[in-house]
Amino acid sequence: MNANDHPAIFTITEDELDLDALLAEITLPSTGAACFFTGLVRGRTHKNGLPPETEYLEYEAYTPMAEAKMRQVAEEIRQRWPTIEGIAIVQRVGRLYPMTPTVLIACTAPHRDTGVFEAARYGIDRLKEIVPIWKKEVGPVGDEWIEGKYIPKAGE
Amino acid sequence: MMKITLLFFATLRSLTGLKTLELELPPESRVADLKIQVAERFPQVAPALTQTALVSVNREYAADDLVIPDGAEVALFPPVSGG
């Protein structure tokens, strides 16, 4: 099958993530395995025995560049794991409360042993490096923009 | 002079209070020249611009020596933190 026939979804959305609907969109008749990673808003982060509380996260994206970089991440996945069939990369933005899914990376393949787990892992790691999305943590004592550490190279 | 559209995100948006800014630059200006001009106009973002801020030109990550094309969409933002 030509890679152009493979289903792919790259979306920044304010809507709730519908995991079943996304799975249906990246499933082919030949698909036998799907691996999903989803991140959630963590309400409590235990540090030094004192749990700081998160009221909500406020997400912001540079949408056209973010969707283009999601497409680039998917191309990188296909180069590394050519057996991957469908890829969905979706980031929810806006105000998101604890226990809410915020991001989804899903990959499908004919079998589980040809890279679906590794591909989904690679996808979330790369999203956190090069896809222009930011989150602000809002808690009882104020708010703070969270900044990543990765500095992309020119054209990366 | 050439015109560019400058976009700010996350901390840089908070610090400047601006989402977008139309800006005029001399032809052949580089990303480094733009950073100097922005830092003069918004001193509060100067530390970020000289340290960790990222720049995209027409939606691709750009180095300081890139010559900015006329009409470019340029964005300034901190290292990303999606997920």
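Two strands count as paired here if DSSP finds at least two bridges between them. Keep that in mind as you click around this predicted model.

**Stop 1: an antiparallel sheet in chain A**

Start by selecting β5, β3, β7 and β8 of chain A. They form an open sheet of 4 strands, in the order β5-β3-β7-β8, with antiparallel pairing. At the edges you'll find β5 (94–96) and β8 of chain A, each pairing on one side only. Ignoring direction, neighbouring strands here are turned by 25° against each other on average.

Now zoom in on β3 (residues 56–61) and β7 (residues 133–139) of chain A, an antiparallel pair held over 6 bridges. Pick A:Tyr56 and look across to β7(A): its bridge partner is A:Val138. Then try A:Glu58, which sits opposite A:Lys136 in β7(A).

Slide over to the other neighbour of β7(A). Strand β8 (residues 142–146) of chain A pairs with β7(A) over 5 bridges, again in the antiparallel sense. Trace the chain from β7(A) to β8(A) and you pass through a hairpin of 2 residues. Across this pair, A:Glu137 stands opposite A:Glu144 in β8(A).

**Stop 2: a mixed sheet in chain A**

Next, highlight β1, β4, β6 and β2 of chain A. That is the strand order of an open sheet of 4 strands with mixed pairing. Which strands stand at the edges? They are β1 (8–13) and β2 (33–40) of chain A; each has a single partner strand, so one side of each is left without a neighbour in the sheet. From one strand to the next, the twist averages 5°.

For a close-up, take β4 (residues 87–92) and β6 (residues 101–109) of chain A, which run antiparallel and are joined by 5 bridges. Select A:Ile89 and you'll see A:Ile105 of β6(A) opposite.

**Stop 3: helices on the sheet**

How do the two helices meet? Two packed helices are described by the angle between their axes and the distance between the axes. For α2(A) and α3(A), the angle is about 145° and the axes are 10 Å apart. The crossing is right-handed. To see the contact, show A:Lys69, A:Val73, A:Glu76, A:Ile77 and A:Arg80 on α2(A), facing a set on α3(A) that includes A:Ala119, A:Tyr122 and A:Gly123.

**Stop 4: the core**

Click on A:Cys107. Leaving out residues up to four places away in sequence, its contacts are A:Cys35, A:Ile77, A:Ile84, A:Ile87, A:Val116, A:Ala119, A:Ala120 and A:Gly123. A:Cys107 also belongs to the largest nonpolar core, which has 60 residues. Among the members that touch the most others are A:Ile87, A:Ile89 and A:Cys107, along with B:Leu12, B:Val74, B:Leu76 and B:Phe77.

**Stop 5: where the chains meet**

Finally, bring in chain B. Here 21 residues of chain B are in contact with 30 residues of chain A. On the chain B side, α1 (10–16), β3 (54–57), β4 (60–61) and β5 (73–77) each give two or more residues. α1(B) gives the most, with 3 residues. That side divides into 13 nonpolar, 6 polar and 2 charged residues.

How values were computed:
Residues are numbered from 1 along each chain as its sequence is written. Chains are lettered from A and ligands numbered from 1 in the order in which they are written. This is a predicted model: local features need pLDDT of at least 70, side-chain atom pairs count only at pLDDT 80 or more; totals for chains, interfaces and linings use all residues. Two residues are in contact if their C-beta atoms, placed from the backbone, lie within 7 Å. Ala, Val, Leu, Ile, Met, Phe, Trp, Tyr, Cys and Pro count as nonpolar, Asp, Glu, Lys and Arg as charged, and the others, Gly among them, as polar. A nonpolar core is a set of buried Ala, Val, Leu, Ile, Met, Phe, Trp, Tyr and Cys residues joined through C-beta atoms within 7 Å. A residue is buried if 20 or more other C-beta atoms lie within 10 Å of its own, exposed if 12 or fewer, and partly exposed in between; C-beta atoms are placed from the backbone. Axes are lines fitted to C-alpha atoms, for helices over the stretch in contact, and angles run from 0 to 180 degrees between N-to-C directions. A crossing is left-handed if the near helix is turned anticlockwise from the far one by less than a right angle, and right-handed if clockwise.
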